[in-house]
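Let's take a walk through this one together. Have the viewer open and follow along as we go.

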There are 2 protein chains.
Amino acid sequence: MRVGILGGGQLARMLAMAAHRIGIEPWIVDPHANAPAGRVAHHILAELDDPEMPGLLSSCDVVTAEMDHAPVGILDAVEHRVPVHPSPAAFAIAGDRFREKRFFADLGAPVAPFHLIEDERSLSRARSAVTCGARLKSRFEGYDGKGQLVVRTPEGLDAAWAELNRVPCVLEEEIDFDRELSLLAVRGGDGEIRFWDPIENHHRNGILRVSATSPADRDTPAGIAARELVSAVLERLGYVGVLAVEFFDVGGHWIVNEMACRVHNSGHATEEGAETSQFENHLRAIVGWPLGGTRSVRPTAMVNLIGSIPDPETVLKIPGARLHLYGKTPAPDRKLGHLIVPESEHAVWLGSGAVDAVRLGSEVSR
Amino acid sequence: MRVGILGGGQLARMLAMAAHRIGIEPWIVDPHANAPAGRVAHHILAELDDPEMPGLLSSCDVVTAEMDHAPVGILDAVEHRVPVHPSPAAFAIAGDRFREKRFFADLGAPVAPFHLIEDERSLSRARSAVTCGARLKSRFEGYDGKGQLVVRTPEGLDAAWAELNRVPCVLEEEIDFDRELSLLAVRGGDGEIRFWDPIENHHRNGILRVSATSPADRDTPAGIAARELVSAVLERLGYVGVLAVEFFDVGGHWIVNEMACRVHNSGHATEEGAETSQFENHLRAIVGWPLGGTRSVRPTAMVNLIGSIPDPETVLKIPGARLHLYGKTPAPDRKLGHLIVPESEHAVWLGSGAVDAVRLGSEVSR
């Protein structure tokens, strides 16, 4: 069984390691010779929009992608020769902030008010929305807070749009939320859906710093509603693989932020904390094998290592911690690895509560 | 940090995967282009007794080996350029059944009576030992029951030695044991020693079939004595890395069977069942990093997949099971992978007790 993966970053790397373990041969496509996944997978050196892609991946049994902005046209072409999961249609929605918002709104999901900006007329229409703050986001690009600007005044909106080179954008009204959560699900080839426990996330400067499994959020009314919504998304898209949906918790109500049609940074702790990791279940789903259990086997917290790699000798001394590095060259704001800390130790190391978790995130990842 | 590994089988493969995760670059040496570790490590295609070995591995920070019969002369030569852990001296003892027995006997450890056979005189001296059965084993080679013959009569001894081509052998008097156990330890570069929980093992035809973590054996008098013995072995050898010692339990007394200067098949479940796996701790030790915790986080059982690979769809349906395949071509008696089953499920699937565990071993691995 051979799986092709568009992209060779850390997500592809962790997919590749899980693949080897269960007898699947991973092939990655990445234009960089030193791509993180290249050391643990068969590496096809090519641009992601290479028109020869269908031929390059024709020996694969199924193809998937590890990035937010997968080249949908290429995936469409590949799909004529090899099954692609999740479907190109799902990537088309997730890669287009405007379609994504409308998709969720059409499903009756709570989303922040949003406005498409693509010309002077739509700009002036949106201007009235900037009364108590909003966020201007590139419609088709951006990740980890890139391609996003906070807007506080109507005049600021014009300046922000100019700064984003007047590319198509979505203006989202700012939400005053209590915390951020994500819900990861997997849908198998036979339509079976499984959920991991909800995850509480802490960002800084738009980049995820700390995630913690939160079984307590599983069966609250908001948690149940979120599962129903994500199930509806999966069914509507005929989705196969892992899907991550991010939420803002506003007084116990969860408002959809965005989705990612792939394994997700906030789910990395499933490797240590759940019966089956997001990586293995994504692979099981897309090759048509039975899904593995998603129950938490122990509560875990994850700390991203960003910008610089801490001295291994220091990190490895943290009791029960498990270090994951991606083999990347350090650079500002670059995700270089993560650390999984079991909850019992988490308590010792973080004290309790999000502030301390974020503080650890800062200390370890600077 | 770069680690060289002599051998590219499944042990090297699991070491390599653990290495990538903690930021260590694995290089393997193996003469086979399709070696299991070759897909997840930098692969030096060379015979293990290649006289150029020191040069081939000169860019490594430390060198280790994954096999029982590591080429000691080659490791000695490598050690002039790069540190080798465990030391060539340790491999020299473990690779020589006679020295190994004497080494344990010198430490005051209980071992089965044994006799060196290398000529007619030693053969006739040993003959008197075969009154209630013995086992003739090649002195310098053999693994997984290969190079071993059961001897029931004095005449049978001559025939058995002829069958082993009259190579130097050790005749071990048969022990009527209740069960087999192994104790895995790791000693760090700073001399710190840590033990995983004892493991109960079930062999058939000389090949390990099923292992189960046995925390109950940790603090019995025999378990404590075994820890003291293994500590003495580690200290005596100035050992750095993971060491496995196998025991026979005879009425609550543990008699030493043999040792392996490497990560060990019976310890594979440490990946899922312990704070830190044997693979990661071996690497941490040999590069001089702090050791990780060895506490059991959940009891586990391991079933070897031997000779043929069961249908993944069947195996992946076992609740909570984790499949590990090695990427090897099936062949009779070849270890192709293993399955980790958490104890709670273990109880459901195996009933309780060793007999059922062995039965699962038979059913799954045929």
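Which residue forms a salt bridge with Arg97(A)? The partner is Glu258(A), and the closest N and O atoms of the two are 2.9 Å apart. Keep in mind as you look that this is a predicted model. Glu258(A) sits in strand 14 (residues 253-260) of chain A, while Arg97(A) belongs to helix 5 (residues 97-106) of chain A, so this pair ties together parts that lie 161 residues apart in sequence. If you search the whole structure, you'll find 46 salt bridges over all chains.

Now for the place where the chains meet. Chain A puts 31 residues into the contact, and chain B puts in 31 residues. About 2800 Å² is buried between chain A and chain B, with carbon and sulfur atoms giving 53% of that area. On the chain A side, have a look at Arg21(A), Leu316(A) and Arg322(A): they supply 24% of the area that chain A buries against chain B, more than any other three residues.

What about charges across that boundary? Two salt bridges are counted between chain A and chain B. You can find a salt bridge where the side chain of Arg322(B) meets that of Glu271(A), at 3.3 Å from N to O. Polar contacts turn up here too, with ten residue pairs across the interface of chain A and chain B (both residues at pLDDT 80 or more). The elements of chain A that give two or more residues to this side are helix 1 (10-21), helix 10 (278-287), helix 11 (312-315) and strand 16 (322-325). Sort the residues of chain A that touch chain B by type and you get 13 nonpolar, five polar and 13 charged.

Next, step back inside chain A and pick out a pair of helices. The axes of helix 6 (residues 120-127) and helix 7 (residues 154-163) of chain A come within 9 Å and cross at roughly 145 degrees. The crossing of helix 6 past helix 7 in chain A is right-handed. From helix 6 of chain A, the contact is made by Leu123(A), Ala126(A) and Arg127(A); from helix 7 of chain A come Pro154(A), Leu157(A), Asp158(A) and Trp161(A). By type, the residues of this contact are five nonpolar, no polar and two charged.

Finally, some backbone details for anyone who likes checking torsions. His85(A) and Pro86(A) are joined by a cis peptide bond, with omega at about -10 degrees. Pro86(A) is in the loop between helix 3 (72-79) and helix 4 (88-94) of chain A. Over in chain B, the peptide bond from His85(B) to Pro86(B) is cis as well, with omega near -10 degrees, and Pro86(B) is in the loop between helix 3 (72-79) and helix 4 (88-94) of chain B. And then there's Asp333(A), which isn't a glycine but has a positive phi of about 65 degrees. Look for Asp333(A) in the loop between strand 16 and strand 17 (335-342) of chain A.

Note on methods
Residues numbered from 1 in each chain as written. Chains lettered and ligands numbered in written order. Predicted model: local features only at pLDDT ≥ 70, side-chain atom pairs only at ≥ 80, totals over all residues. Heavy atoms only, no water. Axes fitted to C-alpha atoms, helices over the stretch in contact; angles between N-to-C directions. Helix = DSSP H or I, 4+ residues; strand = E, 2+ residues; numbered from the N terminus. Left-handed = near helix turned anticlockwise from the far one by under 90°. Contact = heavy atoms within 4.5 Å. Nonpolar A, V, L, I, M, F, W, Y, C, P; charged D, E, K, R; others polar. Buried area = accessible area lost by both parts, 1.4 Å probe. Salt bridge = Lys/Arg side-chain N within 4 Å of Asp/Glu carboxyl O. Polar contact = N/O pair within 3.5 Å; in protein donor to acceptor, adjacent residues only side chain to side chain.
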